[in-house]
Amino acid sequence: MENEIFEKMPVPKAYFKLALPVVFGMVVSLVYNMVDTYFIARTGNTALVAGVSIGAPVFTLMIALGDIFGLGGSSVISRLFGEKKTEDGKRLSVFCFYGAIVCGIFISALLMIFRQPALRLLGADQDTFHYASQYYTYIAIGAPVIILSLTPSNLLRTEGLANESMIGSILGAVVNMILDPVFISVLGLGAAGAAIATVIGNICTDCYFIWVLLKKSRRLSVDFRGLSIKMSELGGILSIGIPASVTNLMQSLGIAMTNRFLLPYGNDAVAAMGIVMKVNMIAVLILVGFAFGGQPLIGYNYGAKNRHRLKEIFRFCYGFECAAGLALAGILSAAAPWIIRFFMSEEVIASMGLSMLRAQLAGMVFVAIVLVSTATFQSAGKAWSAFLLSISRQGAVYAVMLLTLSHLSGYTGVIWAQAASDTLTAVLAAILFGRSIYREIRQDSRSCLFRSGNKQNAVVRGRKWVDKS
């Protein structure tokens, strides 16, 4: 059944079969984030809202580290499955599972040791330090279970088990949503309660994924006895996993940089941007779900060297993703006044949030291009191209735009810096795609024509075969 999806099913049908469960899981996770934000905002404590926003990059750090083993592992494993090397794929899945656990333990210890300077670096001040510290501490303690949850959720899709991946993500989000009001409001734990609910939700997700791997999976494993890996294989995982991780690390850096640049305009601006970023994630997470949901399809066919099917996949992915980005930006921009006031009724923060959100949404079509390109480079093992995009949109390019636009336009420049960065990074993505994946497919097509001697689809110019298609 898995091979049917990857090899023979019409591209749109195969794409949606793999991507829709991911998108649905993303939407449920998004709902949980919105509920989390809602209950925190309903406390009416601006310093608490700002404190959680300041601590949020720590959670993003966990996602980034999970991607090293989740996305890095799934990229290599999906290509191995395409090459019919099933046992090698199973062996690497064991390494990814236990590697995530060990990484989580190490990061948890590191974050706790450097808690004070890390909070200051993130932008916590006298008003927000207490709340930021509460959120940071419990998220740091839960690092092993949070990082682990990202690994099976990605690996399962390489086997076609997209529904199981979705169920695990939804389970954790639902548990989180149920516990949020209890811990935040009923027990009065505030920021700490939000973090504790998040950790418990991830524990439930991990338990479900372990059950699936033991009972339902045929190509993946958690059997410690199968743990072995070659240096070349480790390099393959890290060469894709680290750029994937850097993408989320840059997101953390981007949030931290934004907060630092907004601090001169007051904690109201930081609180407003914290809410806006959660709302903006409605569009971004849906686009991420569609872009990376189709990643196993790209990786499998790249490994199988099915270039004709790859062309179909790319045409569909870019066209659909850009249309979705445009639609989401239009809908959320129109609904922005009601969405912002749903979370924060204070007029000053609501007014700030409205202009911030529309500025964030302005570059959504370009975000779509960047996401599909990033997923493609990761799937194909194009580590350098993936890395360049990873450090650009919310990293190097964003930093340059923040510095430049804030100097030229002050507050307005800060809130428009992300849209400018999205545009420039999309141009970079198009250049990298044309110089690597597209060129490779064209060269392979010409080679196939030369070997087959198909003169109906080629003409001879001098001594070279030239593809006319």
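Predicted model: local features only at pLDDT ≥ 70, side-chain atom pairs only at ≥ 80, totals over all residues.

Colleague: What makes helix 4 roughly antiparallel to helix 7?

Modeller: Helix 4 and helix 7 pack at an angle of about 160°, with their axes 7 Å apart. Because angles over 145 degrees count as roughly antiparallel, that value makes helix 4 roughly antiparallel to helix 7. As for handedness, helix 4 passes helix 7 in a right-handed crossing.

Colleague: Which residues of helix 4 and helix 7 meet, and how do you know that they do?

Modeller: Contact means heavy atoms within 4.5 Å, and by that criterion Ser93, Cys96, Phe97, Ala100, Ile101, Cys103, Gly104, Ile105, Ile107 and Ser108 in helix 4 meet Ala143, Pro144, Ile147, Leu148, Thr151, Pro152 and Leu155 in helix 7. By class, the contact of helix 4 with helix 7 divides into 13 nonpolar, four polar and no charged residues.

Colleague: Why is Gly104, one of the residues of helix 4 in this contact, counted as polar?

Modeller: Gly104 belongs to the helix 4 side of the contact, and it is counted as polar because Gly is placed among the polar residues by the classification used here.

Colleague: What is the volume of the second largest cavity, and how many cavities does the search find?

Modeller: The second largest cavity has a volume of about 40 Å³, and a search of the whole structure finds three cavities of 30 Å³ or more.

Colleague: What makes a residue part of the lining of the second largest cavity, and which residues are they?

Modeller: Lining residues have an atom within 4 Å of a point of the cavity, and for the second largest cavity these are Ser93, Phe97, Thr151, Pro152, Leu155, Leu213, Leu220, Ser221 and Val222. Helix 4 (86–113) and helix 7 (143–158) are the elements that give two or more residues to this lining, and helix 7 gives the most, with three residues. The lining divides into six nonpolar, three polar and no charged residues.

Colleague: At what angle do helix 11 and helix 15 pack, and what is the hand of their crossing?

Modeller: Helix 11 (residues 267–293) and helix 15 (residues 364–379) pack at an angle of about 35°, with their axes 9 Å apart, and their crossing is right-handed. The contact of helix 11 with helix 15 has 11 nonpolar, three polar and no charged residues.

Key
Residues numbered from 1 in each chain as written. Heavy atoms only, no water. 1 Å grid on protein atoms, 1.4 Å probe; cavity = no way out; pocket = protein on both sides within 12 Å on 5 of 7 lines; lining within 4 Å. Points joined across faces, edges and corners; volume = space filled by probe spheres on them. Helix = DSSP H or I, 4+ residues; strand = E, 2+ residues; numbered from the N terminus. Axes fitted to C-alpha atoms, helices over the stretch in contact; angles between N-to-C directions. Parallel < 35°, antiparallel > 145°, perpendicular 65-115°, else oblique. Left-handed = near helix turned anticlockwise from the far one by under 90°.
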